[in-house]
Amino acid sequence: MTEKKFEKLEKKVAKLNEEEIEIPDILPAIAMRSNVVVYPNTVVPFYVGREKSLYALEDSMENYKQLIFLVNQKDTKIEDPTKDDLFKVGTVARIMQIGKLPDGTFKVLVEGLSRAKWVKLVEEKYFKFEIELLKSKYRKTKKLIALMRAVRDEMQKYIQYSRKLPTDALMFLEDMEDPDIFADLAASICPGSLEEKQELLEILHPGKRLEKILELLSKETELLEIEHQLDQKVKQRIEKSQKEYFLREKLRVIREELGGEEDAEIKEIEEKIEKGDYPDFVKEKARFELNRLEKMSPYSPEANVIRNYLDWILNLPWKEKSEENLDLKNAREILEKYHYGLKEPKQRILEFLATRKVSKSMKAPIICFVGPPGVGKTSLGRSIAEALGRKFLRMSLGGLRDEAEIRGHRRTYVGALPGRIIQLIRKAGVKNPVLLLDEIDKMGISFQGDPASALLEVLDPEQNKDFVDHYLELPFDLSEVLFITTANTLYNIPDALRDRMEIIEIPSYTNTEKYYIAKEYIIPKALEEIDIKKSQIIFKNEAINHIISDYTLEPGVRELERKIRAIIRKAVLEIVEGKNKVIITEKRVRKFLGAPKILEENKLEEPTIGVSTGLAWTAYGGTTLFIESTLFPGKGNLILTGKLGDVMKESAQIALSLTKKICGKDCMDIFEKNDIHIHVPEGAVPKDGPSAGVTIVTSLVSAVKKIPVRNDIAMTGEITLRGRVLPVGGIKEKVLAAYRKGIKKIILPYQNRFDIEKIPEEVKSDIKFMLVKEIDEVLKEALICENKEC
């Protein structure tokens, strides 16, 4: 049931509660699988969660003026009962109130109206029965009055012994003169099994019903009297643990009177509270818990819970802070030392330090580094902490599904702990560390809550000053923590969470950048770790380039580092076995790493009809994409293969319509008498998005007109039915992919012209860019129209 539909039903309940009741012959029914039996003249709440029951509930509200037939299951363990699993007699009730619970079930409050029995089932999808109302016929006799009085007296005894019901439960029976209503009210609070309660529902005459109630009450009261006597005997005996507690308390009082020392543990905690530099509300809470601890046995489970709680709140850095280093020169040196390139992220960090130096009251921003794996997002966070002179902590959010991991568990749970945010801050020992929340785009939602929603308060500078962990139940100031988050993609981050962060995109590296990173960072660091002199293992420049181009295909340098370390390990083995020096050449690389692993298809060898080269973006960088189109005799059907997503399928439909428009009436016979097959190779890899629109149109026009497409040109852009070329994302990654494949010309949407500025100069100098607004410009440039009209 949707939220909108639920709101409508709530309004309908309020309106229908005011209308007169007329019970129809057919009603939707709910099979009750609890021991609760709803009687006429009573108001009872129950829970609805099964699909059949929800359909019946909805039908009742929509079509039957909130009337429902409630009938109990014979066996409450049956999950999906049939009509044969139900008792014959039930209660017609009116729905008074509906409330939706967080777990998706509904709490329903009903008023019992009349007994009824079902005659036949009239609906298969859920229970809907033809019913027959059952009316009781009786006269109010002296016997009935006597039975009512006897039931009142016995009920009073039962309430006195059982203590399960409040004493004012009898108020409803005291002033009730109608025997039928009195019997129903008494039956609703009478103890008994499901079968016994159902028997009470099926007895129509109030006299017989009251006799049965009296029998059940008498039996239960007798058992309760025996239990009460046993309880009194047990209370007279002092168990060993109670005796120990009494003696320990007495001993403590004697020590105090004699001027002796109190319990060492209690005294130590008390001194820590008084001498520690804690906020007043922390001291007040600690004294309250210590007072509770003093009054209970030191061996009780609750005492251990209090000890752990005091340990946590007294060892948190409520006021301790690291001294911040705001030296811009030092920060610049650290960033340059550990990171090559990344001009924009470095500049943003230095800007933050500069404003922090001018105004220390400025709230720390929430920075989110977004980029493919291996480009240095996590290490950049570590460098920021080093530049600021703060402690660095990391928390991985990948696969996190439990809200309690962020907010902590309440102390009522066994083994409860604070959330991981508070745990890390205690580990740091200061309240202003740099806390890296890694892979924020990979959190999940489960029945245990939504951790992304729990992070909203943590990452909001306006709210996190008084962050309350469920375990601590005290506000902790997170406003001085510098939160840094990382993600591979933005679209997986909830909008509300993304709105609280400053996004800094870290693009993939070019091959030249990877070369310098390998030469100046990875190789020296790897050699330093294994204590080998740089002169003993020498990497030739062409060997590094060979590793990059033929053994790794990634936006970052993680795989590159693994390959270099593998080569160094093999070189170290040769040095240990007697060689003085190992020079890594291309030949040595192939010997150490085997045959090249990257066998990607480069650009097409020659212009081809029906095949165009597109550019695509993935979470792991850019890539080229060949779109293949062919025609064969058929009935004008469009066939799409290559594991395409819904958006890309729609792009293909738009491209086909636009192609028909471009080719004109002369080519209509071709479309009507042929089927068109569009295929995107690497069929096992999922592909989606609108950016292949211009590429598909080019491929289709080429296939229909038999005109080859240039093989040295690649393109990207969304297409409209009017032939407009719209902007797309991931331009830098797409251009770098084309550059790696040796493509010399790229067609881009005109509105992406500013994205070209972010592309490295070495790439821009080797590629010619053509900016287009219309599909005609694309076709004019991409098709080789020698003797044919394009």
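The accessible surface of this chain comes to about 41,600 Å², and carbon and sulfur atoms account for 50% of it. Accessible areas here come from the Shrake-Rupley method with a 1.4 Å probe, and for residues only the protein chains shown count as cover. You are looking at a predicted model, in which local features need pLDDT of at least 70 and side-chain atom pairs count only at pLDDT 80 or more, while totals for chains, interfaces and linings use all residues. Residues are numbered from 1 along each chain as its sequence is written, and side-chain values use heavy atoms, with hydrogens and water left out.

## The chain as a whole

The secondary structure comes to 28 helices and 26 strands. Helices (H or I, at least four residues) and strands (E, at least two) are DSSP runs, numbered from the N terminus. Of the 790 residues, 46% count as buried; buried means under 20% relative accessible area, exposed means over 50%, and partly exposed lies in between (1.4 Å probe, protein chains only). Now take the contacts between residues at least 6 apart in sequence: 73% of them join residues at least 24 apart. A contact means heavy atoms within 4.5 Å.

## A buried alanine

Leaving aside neighbours within four places in sequence, A655 is in contact with G693, I696, V697 and L700. A655 and I696 are 41 residues apart in sequence, yet their C-alpha atoms are 6.2 Å apart in space.

## Salt bridges

Side chains of opposite charge can pair when their charged atoms come close. A salt bridge is a side-chain nitrogen of Lys or Arg within 4 Å of a carboxyl oxygen of Asp or Glu.

| Pair | Closest N and O atoms |
|---|---|
| E177 and K140 | 3.8 Å |
| R426 and D311 | 3.2 Å |
| R348 and E502 | 2.5 Å |

R348 lies in helix 13 (residues 343–358) and E502 in strand 13 (residues 502–505), so this pair ties together parts that are 154 residues apart in sequence. Is R348 buried or exposed? R348 is buried, with a relative accessible area of 19%, whereas E502 is partly exposed at 33% relative accessibility.

R426 forms a salt bridge with D311. This pair links distant parts of the chain, with R426 in helix 16 (residues 420–428) and D311 in helix 11 (residues 301–314), 115 residues apart. R426 is partly exposed, with a relative accessible area of 26%, and D311 is partly exposed at 35%.

Salt bridges can also be joined up: K285, E289, R292, E302, R411 and E473 are linked in a network of them.

## Patches on the surface

Patches are made of residues with over 30% relative accessible area and no salt bridge; like charges are joined within 9 Å, and nonpolar side chains (Val, Leu, Ile, Met, Phe, Trp, Tyr) within 5 Å.

Which residues form a nonpolar patch on the surface? They are L223, I226 and L230, with about 280 Å² of accessible area together. I226 lies in helix 7 (residues 206–235) and counts as partly exposed, at 44% relative accessibility.
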